[in-house]
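User: I've got a model open and would like to go through a few of its features. Could you take my questions one by one?

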Amino acid sequence: MNAAIEPRNLVVNALTVDVEDYFQVWALSPYIPRSQWDETPSRVERNVELILQLLADADAHATFFTLGWIAERFPGLVRRIAAAGHELASHGYSHHKANELDRDAFFADIVLAKTILQDIADTEVLGYRAPSFSINRTNGWAYDCIAQAGYRYSSSVYPIQHDHYGVPDAPRFPHRERDDLLEVPITTMRFFERNWPAGGGGYFRLMPYPVSRWLIQRVNEVEGRPAIFFFHPWELDPDQPRVPGIDAKTRFRHYLNLHQTEHRLRRLLGDFRWDRVDRVFLSPSAAGGQL
Ligand SMILES: [Zn+2]
């Protein structure tokens, strides 16, 4: 848990960003209804610009799963993401969980997001991530919709036990949900007969950084697999407006260690090799070796 990562670690991992604003987080939805999104002060542009700078400093590339709602309001930001060489992917349009929508509404949402993103950036969008990792045993039809909408891969499952999301017994590594669709689950590590989060989210802010580093190192060196890691722009923003009246658990989870995230991400970018999901997992020669 202590040694610096040596250059011998040649595995290229996939870094991903879910591009949404702090007030669109599912746990805050009881406090900031959708009808207020347009009047709520936005921080997403400033925060994504910071991420673009961190990636440029580290000479690394990432995949940005971007909400259609955000892309409509910040088209210049979407174009800057693509122009910097990052992969533009879809987080759907409205940020409704997949298991809150019926099949037709879900399909319409993910088609709309793909169309908006592709029109703005003039690039093909291959990847989709469901809000709050909301594809599970109850809505496997979502994969048919994702493929029919023209996506090539999904990254919509975190195979852990969690009160808001997670399918604890889902496969831990990329696998085909259909012949034409790859699912790339967020990285976990297996200990004591259960999966432990190793691919980001609130855990990255909760655990000391060396724990996160050790987990990813084990996935790379013991299991010989690339990791896939995710975070949100608001997690780098200790100055975001505080949402009043929220319950203690949500407050703890949302605001914990925000001031440390930028520094931790810089270390993460320096300690491992990172690239876009399509290059890590989709190409025939990819380290993920899934085709
Ligand atoms: Zn989201």
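This is a predicted model: local features need pLDDT of at least 70, side-chain atom pairs count only at pLDDT 80 or more; totals for chains, interfaces and linings use all residues.

Analyst: Residues are numbered from 1 along each chain as its sequence is written, and side-chain values use heavy atoms, leaving out hydrogens and water.

User: Which residues coordinate the zinc ion?

Analyst: Donors are N, O and S atoms within 2.8 Å of the metal (3.2 Å for Na, K and Ca), and with water not among the atoms, sites may look incomplete. The donors here sit at 2.0 to 2.1 Å, and their sequence spacing is E-x70-H-x3-H. They are Glu20 (OE), His91 (NE2) and His95 (NE2).

User: How are helix 7 and helix 9 oriented, roughly parallel or roughly antiparallel?

Analyst: Helices are DSSP runs (H or I, at least four residues), and strands are too (E, at least two), numbered from the N terminus. Axes are lines fitted to C-alpha atoms over the stretch in contact, with angles from 0 to 180 degrees between N-to-C directions; helix 7 (residues 209-221) and helix 9 (residues 258-271) pack at about 30°, axes 11 Å apart. Angles under 35 degrees count as roughly parallel, over 145 as roughly antiparallel, 65 to 115 as roughly perpendicular and the rest as oblique. So helix 7 is, relative to helix 9, roughly parallel.

User: Which residue stands opposite Arg194?

Analyst: Strands pair if DSSP finds at least two bridges between them. Strand 8 (residues 188-191) and strand 9 (residues 194-197) pair in the antiparallel sense over four bridges. Opposite Arg194 of strand 9 stands Phe191.
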